[in-house]
Amino acid sequence: MKTHAMRSRRIPLDDSWDVLVAGGGPAGCAAAIAAAREGARTLLVEATGCLGGMGTAGLVTCWCPFSDGRQMIYRGVAEKVFAASRAGVPHVDPKALDWVALEPEQLKRVYDDMVTGAGAEVRFGTFLGAVERGADGAVSTAIVASKAGLSALRAKVYVDCTGDADLAAWAGAEFAQGEEGSGEVQPVSHCFLLTNVDEYAYGLVRRRLWPDVVEKILDSGRYPEIPDRHLCNSLIAPRTVGFNAGHLWDVDATSPASVSRAMMAGRKLAEALRRALAEFAPAAFAGAHLAATAPLLGVRESRRIVGDYVLTLEDYLARRSFDDEIGRNCYPIDIHTAKSEIGDRSLHVMERYENFKPGESHGIPYRCLTPRGLRNVLVAGRSISTDRPVQGSTRVMPVCMVTGEAAGLAAAMACRGAGDVHAVDPQQLRRRLREHGAYLP
């Protein structure tokens, strides 16, 4: 690749922050809330125009389970966000904890209020562009780009919630990406909304959309854009159904060119699904309108940092607990269809590995949030330190909020000392998390 040497220039510097959170998805929002409520001067930078990530800009309109089959285990900030989001879906059973629909516009306001209410500052339309690191292994400066041009931000501690571990990777942290050897990552989805859906007919046909209706669509051969059976959906508002459906392979979330191609292909796939549903489930979808495709691509997998501990499949299957765990997780290992598996209708992706029984879960160590070799950086969300199978479980929104809250609280604690996130007392961190409602049995 050709290179260009920028002319020496000076850019504005804001060094007034204790904690800088990069990325305003579920993990970033929880991190900003947790850091700010501890009194840390906290800035959250977000590339899009809203908070919430996949649940808002990504149009993923359903929460993954919040319970272990017996009780809610994703608590603290996660529970508060989940409870507040229920106001947007009054048609949903108020006692339901698992696979609960959400309304993206209402959820945007929930995150706005909770993040700013905790005292954090937010900057939308602000992209992380570069990271400067000192010889001591500490990040000294983050360079961001916005409508104001380039500017520099400094904080005592940085929390990487970009989803792709951009800040940590650019600072030199070790990371893994995809399947060992091949580098293959999970397919992405481009979520969308259909409006003008007949609610009564949809209620009757919903449980048959997968696999019965979608298999008829595939067997017809009339929709070559639709590659497989992935068709998650939920009623989110009057006559409005959200779809997390369709797959696109060979997408590198760290490549703007790759993401751009996927966005265009995803829009075509969404329209093909609308037409196919209108043909094969006409009572519900004959008059359906494709109202929106997500402005944010539904990425399931990219970089995973290598932290002080790497959570493994063996840990998951053993339901292992850890002295420094900052949360529990019970979501199945959900690795979506590989390219080589297209057409295999016997495959049930959430049954690749043994699922937990009711009441079972495993711990997530604090050490999975601390990248090796970086003194003042924490990582939360789908990029925490795990092996590839476990990342297929810990990547979902409830877990991201749990790791985000722990990272934000730990960042504030590190600020009171020398900024070394590896020196945070995990027992003190766990005590503070419990005081804010975390599930840490």
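Start by selecting Thr337, which sits in the loop between β15 (325-329) and β16 (362-365); strands here are DSSP runs of E with at least two residues, helices are runs of H or I with at least four, and both are numbered from the N terminus. This is a predicted model, where local features need pLDDT of at least 70, side-chain atom pairs count only at pLDDT 80 or more, and totals for chains, interfaces and linings use all residues. Residues are numbered from 1 along each chain as its sequence is written, and side-chain values use heavy atoms, with hydrogens and water left out.

Is Thr337 buried or exposed? Its relative accessibility is 11%, so Thr337 counts as buried (under 20% relative accessible area; exposed is over 50%, partly exposed in between, with a 1.4 Å probe and protein chains only). Now show its contacts (heavy atoms within 4.5 Å): leaving aside residues up to four places away in sequence, Thr337 touches Pro187, Asp228, His247, Trp249, Ile342, Leu347, Val349 and Arg352.

Next, colour the open sheet: five strands, in the order β4-β3-β2-β8-β17, with parallel pairing (two strands pair if DSSP finds at least two bridges between them). At the edges are β4 (121-123) and β17 (377-379), each pairing on one side only. From one strand to the next, the twist averages 20°.

Zoom in on β8 (residues 157-160), joined to parallel β17 by three bridges. There, Tyr158 stands opposite Val377 in β17.

Axes are lines fitted to C-alpha atoms, for helices over the stretch in contact, and angles run from 0 to 180 degrees between N-to-C directions. Helix α10 (residues 397-415) lies across β2, β8 and β17, at about 170° to β8.
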